[in-house]
Amino acid sequence: MSRVLAMLRALPGVILAGLCGAAAFVLFTQAGAQLALRELEARFGVLHAEGAAGTLWGPLRFARLRYEDAHVRIVLDDAYFDWSPLHLLRRAVAISRLQAARLTVEVKPAADASLPAPARAGALTRLAVALDVRALHLGQSVRVLPERA
């Protein structure tokens, strides 16, 4: 009986240690970062990362990083960024340095073209999180295009 009670008392500590270990794996290993990125893509479908290297704690490199929703498609090629994942707790993405060989932004046509222009405007500013980029370094081209037909 006392052995069972001792095991029950130790259970919260074991669970806490397991959660801390899982968090450390995801934040501080490249395999954890890749797992988290695959899970984000599977759950939300708006972010797709190819050739990810680094850790979520930062910095991260991508051969290609794509964000796509109903309004806009943003593609960064050969991208590097250093960020603070703790800001996600405040629904913000704080990037101290973002570097990319190429940035392409494709604004998609409005679902209802009869709306006046101000109602259709702002596709790039209606993000689910606040975005703060301190330093931005772009390579040869920055392209903002209407979506290809």
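**Notebook: pocket, core and backbone of a predicted model**

I looked up the largest pocket and found that 31 residues line it, with Leu 47, Tyr 67, Val 93, Val 129 and Leu 131 lying nearest its centre. The model I am reading is predicted, and I keep that in mind for every entry.

**Entry 1. The pocket**

I noted the space in this largest pocket as about 1200 Å³. I then asked which elements give two or more residues to its lining. They are α2, β3, β4, β5, β6 (130-133) and β7 (136-146). Next I sorted the lining by class: 29 residues are nonpolar, two are charged, and none is polar.

**Entry 2. The core**

I turned to the largest nonpolar core, which has 19 residues. Leu 56, Leu 60, Phe 62, Leu 76, Phe 81, Trp 83 and Ile 95 are the ones with the most contacts inside this core. I recorded that α2 (30-44), β3 (60-68), β4 (72-84) and β5 (92-107) each give two or more residues to the core. Which element gives the most? It is β5, with six residues. As general background, I wrote down that nonpolar side chains in soluble globular proteins tend to be buried together.

Leaving aside residues up to four places away in sequence, I listed what Leu 56 touches: Val 26, Leu 27, Ala 33, Ala 36, Trp 83 and Pro 85. Trp 83, one of these partners, also stands among the core residues with the most contacts.

**Entry 3. A cis peptide bond**

I checked the peptide bond between Gly 58 and Pro 59 and found that it is cis, with omega about -10°. Where does Pro 59 lie? I located Pro 59 in the loop between β2 (53-54) and β3.

**Entry 4. Positive phi values**

For Asp 78, phi is near 50°, and I placed Asp 78 in strand β4. For Arg 91, phi is near 55°, and Arg 91 belongs to the loop between β4 and β5.

I then asked how exposed each residue is.

How values were computed:
Residues numbered from 1 in each chain as written. Predicted model: local features only at pLDDT ≥ 70, side-chain atom pairs only at ≥ 80, totals over all residues. Heavy atoms only, no water. Core = buried A, V, L, I, M, F, W, Y, C linked by side-chain atoms within 4.5 Å. Buried < 20%, exposed > 50% of the residue type's maximum accessible area, 1.4 Å probe, protein only. Helix = DSSP H or I, 4+ residues; strand = E, 2+ residues; numbered from the N terminus. Contact = heavy atoms within 4.5 Å. 1 Å grid on protein atoms, 1.4 Å probe; cavity = no way out; pocket = protein on both sides within 12 Å on 5 of 7 lines; lining within 4 Å. Points joined across faces, edges and corners; volume = space filled by probe spheres on them. Nonpolar A, V, L, I, M, F, W, Y, C, P; charged D, E, K, R; others polar.
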